[in-house]
Amino acid sequence: MFFELSKLLNLFISPVSWIILLLIGITVFKKKIYRRICIITCMLVFLLFTNNLLVDYVKYQSAKAYSTAHIDTTQHYKVAIVMGGFASMNKETGQLRYESDQADRLWEAVRLWRMGKVERILITGDSTSFIQEDGTSTTELFLHYMKEMGVPESTFILEQKARSTRENATYTAEILKKENISDKGCLLITSATHIKRSLKCFAKVGLHPDYYAVNIYDTPANINHRSFYPSWDAAIKWQELMNEWIGDLVYRIMGYI
């Protein structure tokens with residue numbers, strides 16, 4: 001239920017939805033003053049939320065505290081905990097379909113495994129492996145794909161039930177307890193904008209792993225006239241960022257962090 005509500009909320013925190021509603025307002029309202037307000041607001045929302053330069057800077061500021069990996073370079077970690085949401089499986093071709101810019105959650109974990117920094121990779125709540133409502137799963141497809149990429153099936157521990165960050169932490173804690181792995185031997189991997197809430201959720205269940213943030217934003221280096229061109233990609237970035245902000249607020253209210 002909480003998962004479905006969060007997805008519904010995403011619809012209302014989307015700049016694209018705001019623009020559509022304002023355009024509808026322009027056609028619906030009869031009074032000129034209301035139509036003028038809708039037109040001006042629509043223009044402002046469009047200019048503000050389609051600016052890549054601005055959203056990249058805000059993302060950088062919001063995540064810069066976690067931009068440096070909090071990882072013990074001398075330690076060999078038992079498990080890399082990878083937060084899901086990075087991909088799904090194409091059942092027809094057996095290929096991975098990556099979600100937005102979150103694929104580096106998986107591949108950075110694989111890189112650390114190849115370097116010998118982590119022993120196993122625990123993936124929690126990703127579409128590639130979690131159990132659907134009809135009882136099906138693409139787990140075997142995912143494991144076969146990774147085997148073809150040179151990563152043996154025995155490398156992975158798959159948590160298949162989590163639908164939220166809170167559940168990621170709860171179900172992962174159960175698996176670690178069963179595997180007799182302490183949080184000192186764990187490395188949490190997720191996007192830089194998501195790491196703060198993730199760490200707090202894990203702390204709530206008594207786990208305090210080191211972390212390795214991915215999808216890190218730098219300050220814009222090359223600014224030119226193209227930096228100010230409108231882009232719908234910027235609107236999507238804003239939605240992802242606001243989703244994290246609202247998620248933090250809701251989790252605080254619910255007592256999850």
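A residue is called partly exposed when its relative accessible area falls between the buried limit of under 20% and the exposed limit of over 50%. With that in hand, here are some close-up views of this predicted model.

**View 1. Phe29 and Tyr34 make a tilted aromatic pair.** Tyr34 has a relative accessible area of 41%, so this residue counts as partly exposed. Phe29 is partly exposed too, at 37%. The two ring centres lie 5.6 Å apart, with 55 degrees between the planes. Across the whole structure, a search finds 7 aromatic pairs.

View 2. Phe46 is partly exposed, with 29% relative accessibility, and Trp232 is partly exposed at 46%.

**View 3. Further rings take part in a cluster and in contacts with charges.** Trp18, Phe49 and Trp238 are joined into a cluster by ring pairs. The charged end of Arg163 sits over the ring of Phe130, 3.8 Å from its centre. For Arg197, the charged end sits over the ring of Tyr251, at 4.9 Å from the ring centre.

**View 4. Five strands build an open, parallel sheet.** Follow the strands in the order β5-β4-β1-β6-β7. The edges are taken by β5 (156-159) and β7 (210-214); each has a single partner strand, so one side of each is left without a neighbour in the sheet. On average, neighbouring strands are turned by 25 degrees against each other, direction ignored. Look also at β1 (residues 77-83) and β4 (residues 118-124), which pair over 6 bridges; Val79 stands opposite Arg120 in β4.

**View 5. Two helices lie across strands of the sheet.** Helix α6 (residues 139-148) lies across β4 and β5, running at about 155 degrees to β5. Helix α7 (residues 165-179) lies across β1, β4, β5 and β6 (186-191), at about 140 degrees to β4.

**View 6. The largest nonpolar core holds 26 residues.** Among the members that touch the most others are Leu106, Ile123, Phe142 and Phe156. Several elements each supply at least two residues, including β2 (87-89), α6 and β7, while α5 gives the most, with 5 residues. Zoom in on Phe142 to find its contacts with Met89, Leu96, Leu106, Ile123, Thr128, Phe156 and Leu158, leaving aside residues up to four places away in sequence. Apart from this core lies another, of 21 residues, among them Leu199, Cys201, Tyr211 and Tyr256.

Terms used
Residues numbered from 1 in each chain as written. Predicted model: local features only at pLDDT ≥ 70, side-chain atom pairs only at ≥ 80, totals over all residues. Heavy atoms only, no water. Pairing = 2+ DSSP bridges. Helix = DSSP H or I, 4+ residues; strand = E, 2+ residues; numbered from the N terminus. Axes fitted to C-alpha atoms, helices over the stretch in contact; angles between N-to-C directions. Contact = heavy atoms within 4.5 Å. Core = buried A, V, L, I, M, F, W, Y, C linked by side-chain atoms within 4.5 Å. Buried < 20%, exposed > 50% of the residue type's maximum accessible area, 1.4 Å probe, protein only. Phe/Tyr/Trp six-rings, centres within 6.5 Å; stacked < 30°, edge-to-face > 60°. Lys NZ or Arg CZ within 6 Å of the ring centre and 35° of its normal.
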